[in-house]
Amino acid sequence: MGMIDGLPPLREVIRAHDLVAKRQLGQNFLLDLNLTAKIARLAGDLSTCDVLEVGPGPGGLTRGLLVEGARRVLAIEKDQRCIAALEEIAAAYPGRLTILNADALQVDVSKYLTPPVRVVANLPYNVGTELLVRWLTPANWPPFWQSLTLMFQKEVAERIVAKTRTENYGRLALLAQWRCDPRIVMTLPPEAFTPAPKVHSAVVHLTRLDQPRYPANEAMLARVTTMAFGQRRKMLRSSLKALRPDIEAKLREVGIDPTARAEEIGLDKFCALSLILQ
Ligand code: SAM
């Protein structure tokens, strides 16, 4: 572990504050500060941005973000035990770190942040996916953030960046790729974390597009893709039959073969279909 700032090593912080990892909070900590600084660099230029960090834990990634020059960091942590450790970091970077002891699923962050905003997080799997879907489906586009740099289980990361005709291609890929450019920018083995999880992890960097890649009706796109991938082995003419009696004609109208399966259909075609079905 290399020292990147004047603060104590994370193992010492964890010992001093008795931060034994809790499984129910999905706590797998990154203790290598060179690695957390690298993740911070993958998020892009932070010097002109506020950074929203969800789930800072003992603060490894938080320190990486501050060392890499983030203008300000808002860190939201649910586990009260971590707050004293995070306050020591705040004291070392006066005016640059704000800590909220809260559940990130319950907080309206907009009032704490000044644009431009980048989001960076290493979260438990279930919370991460729920927040990703929320960040991708705001009431208005563009959203409050410029980019999302998020750690996931590798299998979830692969679903976000998946292309047509692959088993990972589905609703998450379509949702992410409709309004963002998502890329896997780093993969990490279980041993990178303490305690080590069972699976590999990956960091996904999503840059927002100013406008959706293709025009679409958002609600209908969600409905069509839920139905199509809900029965992904069926032909579209049968998985979408409940939507409309003339679904075969509508599929043909946008150039989709009614006997095709959901995973063969590109985002452009799903978007076109959502418009003629609205
Ligand atoms: N970012 C730290 C790191 O990389 O070492 C900790 C990562 S650990 C995988 C996930 C963190 O998210 C834990 O500190 C956990 O307490 C916190 N957490 C879990 N659910 C949360 C929620 N709903 N809101 C805010 N923080 C949460």
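Visitor: Leaving aside its neighbours within four places in sequence, which residues is Pro-212 in contact with?
Guide: This is a predicted model. In it, Pro-212 is in contact with Trp-141, Trp-178 and Arg-179, its neighbours within four places in sequence left aside.

Visitor: Where is Pro-212 found?
Guide: Pro-212 is in the loop between strand S9 and helix H8 (218–230). Its relative accessible area is 31%, so Pro-212 counts as partly exposed.

Visitor: What is the peptide bond from Trp-141 to Pro-142, cis or trans?
Guide: That bond is cis, with omega near 5°. Pro-142 belongs to the loop between helix H5 (125–136) and strand S6. Thr-194 and Pro-195 are also joined by a cis peptide bond, with omega about -10°. Pro-195 lies in the loop between strand S8 (193–194) and S9. As a general point, most peptide bonds are trans.

Visitor: Now the ligand. Which of the 20 residues around the ligand come nearest?
Guide: Leu-30, Gly-55, Glu-77, Asp-103 and Asn-122 come nearest among those 20 residues. A polar side-chain atom of Glu-77 is 2.6 Å from an oxygen atom of the ligand.

Visitor: Which backbone atom of Lys-78 lies 3.4 Å from the ligand, and what is the atom on the ligand side?
Guide: A backbone N or O atom of Lys-78 lies at that distance from a nitrogen atom of the ligand. For Ala-104, a polar backbone atom is 2.9 Å from a nitrogen atom of the ligand.

Visitor: How much of the accessible area that the ligand has on its own does the protein cover?
Guide: The protein covers 98% of the 600 Å². The ligand takes up the space of the largest pocket. Strand S1 (29–30) and strand S3 (72–77) are the elements that give two or more residues to the shell around the ligand.

Visitor: Is Gln-27 buried or exposed?
Guide: Gln-27 counts as buried because its relative accessibility is 7%, which is under the 20% cut-off. Gln-27 lies in the loop between helix H1 (10–16) and S1. Its side chain makes a polar contact of 3.1 Å with the side chain of Arg-81. Not counting residues up to four places away in sequence, Gln-27 touches several residues, including Glu-77 and Pro-195.

Visitor: Turning to helix H2, which residues of H2 (residues 33–42) are buried?
Guide: They are Leu-33, Leu-35, Thr-36, Ala-37, Ile-39 and Ala-40. Their cover includes H1, S1, helix H3 (60–67), strand S6 (147–153), strand S7 (180–188) and strand S9 (201–208).

Visitor: What is found at the start of H2, and what just after H2?
Guide: At the start, a side-chain oxygen of Asp-32 comes to within 2.9 Å of the backbone nitrogen of Asn-34. Just after H2, Gly-44 has a positive phi of about 105°.

Visitor: And which residue other than glycine has a positive phi near 55°?
Guide: That is Asp-18, in the loop between H1 and S1. Asp-18 is exposed, at 54% relative accessible area. Arg-165 is not a glycine either, and has a positive phi of about 60°. In general, most residues other than glycine have a negative phi.

Visitor: Where is the place of Arg-165, and which residues does Arg-165 touch?
Guide: Arg-165 is in the loop between helix H6 (154–161) and helix H7 (171–179). Arg-165 touches Glu-263 and Glu-264, not counting residues up to four places away in sequence. With a relative accessible area of 59%, Arg-165 is exposed.

Terms used
Residues are numbered from 1 along each chain as its sequence is written. This is a predicted model: local features need pLDDT of at least 70, side-chain atom pairs count only at pLDDT 80 or more; totals for chains, interfaces and linings use all residues. Side-chain values use heavy atoms; hydrogens and water are left out. Helices (H or I, at least four residues) and strands (E, at least two) are DSSP runs, numbered from the N terminus. Buried means under 20% relative accessible area, exposed over 50%, partly exposed in between (1.4 Å probe, protein chains only). Contact means heavy atoms within 4.5 Å. A residue is near a molecule or strand if one of its heavy atoms lies within 4 Å of it. A polar contact is a pair of N or O atoms within 3.5 Å; within protein, one must be able to donate a hydrogen and the other to accept it, and residues adjacent in sequence count only if both atoms are side-chain atoms. Accessible areas come from the Shrake-Rupley method with a 1.4 Å probe; for residues, only the protein chains shown count as cover. On a 1 Å grid over the protein atoms alone, a cavity is a set of points where a 1.4 Å probe fits but cannot get out, and a pocket is an open set with protein on both sides within 12 Å along at least five of seven lines; lining residues have an atom within 4 Å of a point. A molecule sits in a cavity or pocket if more than half of its atoms lie within 2 Å of its grid points.
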